[in-house]
Amino acid sequence: MTGIFGIFHTDGKPVAREHLESMAIGLSFIRSDGIDVWHDGPVGMGRLKPYDSSLSSHDELPLQNSVNNLIVAADARLANRRELSREVQTP
């Protein structure tokens, strides 16, 4: 089990990284190998890295794809990852 979290300020106020990190601390009851966060303007999201998962040890999420302007944070495992990555043009 991992955890995902996010903030969206409807008033346009920028999200501070510190606020996302505080949210991750609030999820400290979930065993993890650290956190990944992303923020841009009024939107920010992050996830707790799965504990001791060799499949995701090099993943960095939220995943950002500047070509299609997609940002993804998920607690999921994709079986057809290569094909999907090719479709949305991610590494």
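How many bridges pair S2 and S3, and in which sense, parallel or antiparallel? In this predicted model, S2 and S3 pair over seven bridges in the antiparallel sense, where two strands are taken to pair if DSSP finds at least two bridges between them. Helices (H or I, at least four residues) and strands (E, at least two) are DSSP runs, numbered from the N terminus. Local features need pLDDT of at least 70 and side-chain atom pairs count only at pLDDT 80 or more, whereas totals for chains, interfaces and linings use all residues of the predicted model. Residues are numbered from 1 along each chain as its sequence is written, and side-chain values use heavy atoms, with hydrogens and water left out.

The three strands form an open sheet in the order S1-S3-S2, with antiparallel pairing. S1 and S2 are the edge strands, each of which pairs on one side only. From one strand to the next, the twist averages 10 degrees (axes are lines fitted to C-alpha atoms, for helices over the stretch in contact, and angles run from 0 to 180 degrees between N-to-C directions). S1 and S3 run antiparallel and are joined by five bridges. Within this pairing, Phe 5 stands opposite Gly 46 in S3, and Met 45 in S3 is the bridge partner of Gly 6. S2 and S3 form a hairpin with two residues between them, and Gly 41 in the turn has a positive phi of about 60 degrees.

The structure holds two salt bridges, a salt bridge being a side-chain nitrogen of Lys or Arg within 4 Å of a carboxyl oxygen of Asp or Glu. One of them joins the side chains of Asp 36 and Arg 47 (3.1 Å, N to O). Asp 36 lies in strand S2 (residues 32–40) and Arg 47 in strand S3 (residues 43–50), so the pair ties together parts that are 11 residues apart in sequence. Asp 36 also stands opposite Arg 47 in the strand pairing. Asp 36 is buried, with a relative accessible area of 7%, and Arg 47 is buried at 4%; buried means under 20% relative accessible area, exposed over 50%, and partly exposed in between (1.4 Å probe, protein chains only).

The side chains of Glu 21 and Arg 17 meet in a salt bridge as well (2.7 Å, N to O). These residues are four apart in helix H1 (residues 17–26), and are therefore separated by about one helical turn. Glu 21 is partly exposed, at 28% relative accessibility, and Arg 17 is partly exposed at 38%.

The largest nonpolar core comprises nine residues, namely Phe 5, Ile 7, Val 15, Leu 20, Ala 24, Leu 27, Ile 30, Val 37 and Leu 48. Such a core is a set of buried Ala, Val, Leu, Ile, Met, Phe, Trp, Tyr and Cys residues joined through side-chain atoms within 4.5 Å. Strand S1 (4–8) and H1 each supply at least two residues of this core. In S1, the covered face consists of Phe 5 and Ile 7, and the uncovered face of Ile 4, Gly 6 and Phe 8.
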